[in-house]
6 protein chains.
Amino acid sequence: MEQWLLSLRTDTPQEGFELAIQLSQRGVVYTQPSEEIRNRLRPLYSKNADSLIAASQIIAINFQTVAAANDYWKNTTT
Amino acid sequence: MEQWLLSLRTDTPQEGFELAIQLSQRGVVYTQPSEEIRNRLRPLYSKNADSLIAASQIIAINFQTVAAANDYWKNTTT
Amino acid sequence: MEQWLLSLRTDTPQEGFELAIQLSQRGVVYTQPSEEIRNRLRPLYSKNADSLIAASQIIAINFQTVAAANDYWKNTTT
Amino acid sequence: MEQWLLSLRTDTPQEGFELAIQLSQRGVVYTQPSEEIRNRLRPLYSKNADSLIAASQIIAINFQTVAAANDYWKNTTT
Amino acid sequence: MEQWLLSLRTDTPQEGFELAIQLSQRGVVYTQPSEEIRNRLRPLYSKNADSLIAASQIIAINFQTVAAANDYWKNTTT
Amino acid sequence: MEQWLLSLRTDTPQEGFELAIQLSQRGVVYTQPSEEIRNRLRPLYSKNADSLIAASQIIAINFQTVAAANDYWKNTTT
């Protein structure tokens, strides 16, 4: 697989959140490598409230990791 | 996407809890960007006990992150 | 919304556990603000084993946060 | 409610695990205070594999908290 | 119940992972003490993909605890 | 069982993510050792959106552990 994750550091919490989304999607990609099958599933789960909530939960878990890796952006001036 | 998350710092635990709710909702927004579809789903899951419990769980996970980022508001005088 | 969370500090682990329960319920309240709807749902999920287990799980997650905020009450004499 | 949780400290990891079980059960007790209803539900979920797995998950989450509170019993001689 | 957990320390990460599996199984044993009932359930859940995934999730949570207890085996030469 | 986990250290975050996937799969292998049964289940869950989301969640939990074990690769030059 190509290189897609070089660092967990991001400049802002929002970029960290977006990285958490990428990590969540990658977990699906590794489990189901076929883009065609994933594309077939997407319209189903993206219109299902419980699937959306479950997706948001994975993002939350990955955001914990990314936030810790960035020391919660405590030293970022905003 | 517009800037929506500049910092994980909040003045009080309650504002931190409310930020955790925002993070949970954002996870859904990124997964299903169509506001129209989300609005259609909302009345369904917001009247379903298990969906509400699941939503509360994501908030709990995000609140862990926000609380850690604020050092649990230990130095806040109340 | 009124002020309901001023601090994560509690005197004892048990009060901390009870705060974790409050946090779990607040997650539901924010997601479904209508007390009337919540009251309609309560008899259903409170008699459903899987819902009760799910509720206990959110409490466990919030208790992790509250316990960390109190340094696990290590310096409390009991 | 009576006093039931005075400390998160235990002498051994096994006692810590058993405390984690108590915490998990307490989460259910607070959500459904009626012992009669809980007793009616117990035979159902205790014979359902997915409910048992879910119960074990809450125990695992609470055990994280108890283990951290005991500094993982690192200084316990065994 | 007999003594089964004397320490969270293990020599290697793999032994730590195997301890995490034991902890996950113990959570089930405490909740359903009857070996006969558990044996009846095993063939069902062990052939159900979602149950297997749920079991793997508990192992992951317990592995977090065991890994932290061993300081992630950072000082183990391999 | 053969040796399969000698260390939680990896050179890059991406290798850490791939180790997290391995840990997630191992949890399933230990619970259902029969490769034949697992192979029968794979086509089912890998085409089910909710199973894929659940798999991604375990990966996220294990990635928390691996990332902490590597101090979030903070000292890795990229």
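1. The contact between chains A and F involves 31 residues of chain A and 27 residues of chain F. This is a predicted model, and the points that follow should be read as such. The two chains bury about 2500 Å² between them, and 68% of that area is on carbon and sulfur atoms.

2. On the polar side of this interface, nine residue pairs are in polar contact between chain A and chain F, with both residues at pLDDT 80 or more.

3. Three elements of chain A each give two or more residues to the side that touches chain F: α1 (13–31), α2 (35–45) and α3 (49–69). Of these, α3(A) gives the most, with 11 residues. By residue class, the side of chain A that touches chain F divides into 17 nonpolar, 11 polar and three charged residues.

4. S51(E) belongs to helix α3 of chain E, which spans residues 49–69. Its relative accessible area is 3%, so S51(E) counts as buried, the cut-off being under 20%. Neighbours within four places in sequence aside, the contacts of S51(E) are D50(D) and I53(D) from chain D and Y45(E) from chain E.

5. Over all chains, a search of the whole structure finds 12 salt bridges. One of them joins R40(A) to E36(A), with the closest N and O atoms 3.1 Å apart. Both residues sit in helix α2 of chain A; because they are four residues apart there, about one helical turn separates them. E36(A) is exposed, at 54% relative accessibility.

6. In chain B, the side chains of E36(B) and R40(B) also form a salt bridge, at 3.2 Å from N to O. Helix α2 of chain B (residues 35–45) holds both, and their spacing of four residues puts them about one helical turn apart. E36(B) has a relative accessible area of 54% and is exposed.

7. What does the salt bridge between R26(F) and E2(F) tie together? The side chains of R26(F) and E2(F) meet at 3.3 Å, N to O. R26(F) lies in helix α1 (residues 13–31) of chain F, whereas E2(F) is in the segment before α1, so the pair links parts that are 24 residues apart in sequence. R26(F) is buried, with a relative accessible area of 18%, while E2(F) is partly exposed at 47%.

Key
Residues are numbered from 1 along each chain as its sequence is written. Chains are lettered from A and ligands numbered from 1 in the order in which they are written. This is a predicted model: local features need pLDDT of at least 70, side-chain atom pairs count only at pLDDT 80 or more; totals for chains, interfaces and linings use all residues. Side-chain values use heavy atoms; hydrogens and water are left out. Contact means heavy atoms within 4.5 Å. Buried area is the accessible area (1.4 Å probe) that two parts lose on being put together, summed over both. A polar contact is a pair of N or O atoms within 3.5 Å; within protein, one must be able to donate a hydrogen and the other to accept it, and residues adjacent in sequence count only if both atoms are side-chain atoms. Ala, Val, Leu, Ile, Met, Phe, Trp, Tyr, Cys and Pro count as nonpolar, Asp, Glu, Lys and Arg as charged, and the others, Gly among them, as polar. Buried means under 20% relative accessible area, exposed over 50%, partly exposed in between (1.4 Å probe, protein chains only). A salt bridge is a side-chain nitrogen of Lys or Arg within 4 Å of a carboxyl oxygen of Asp or Glu.
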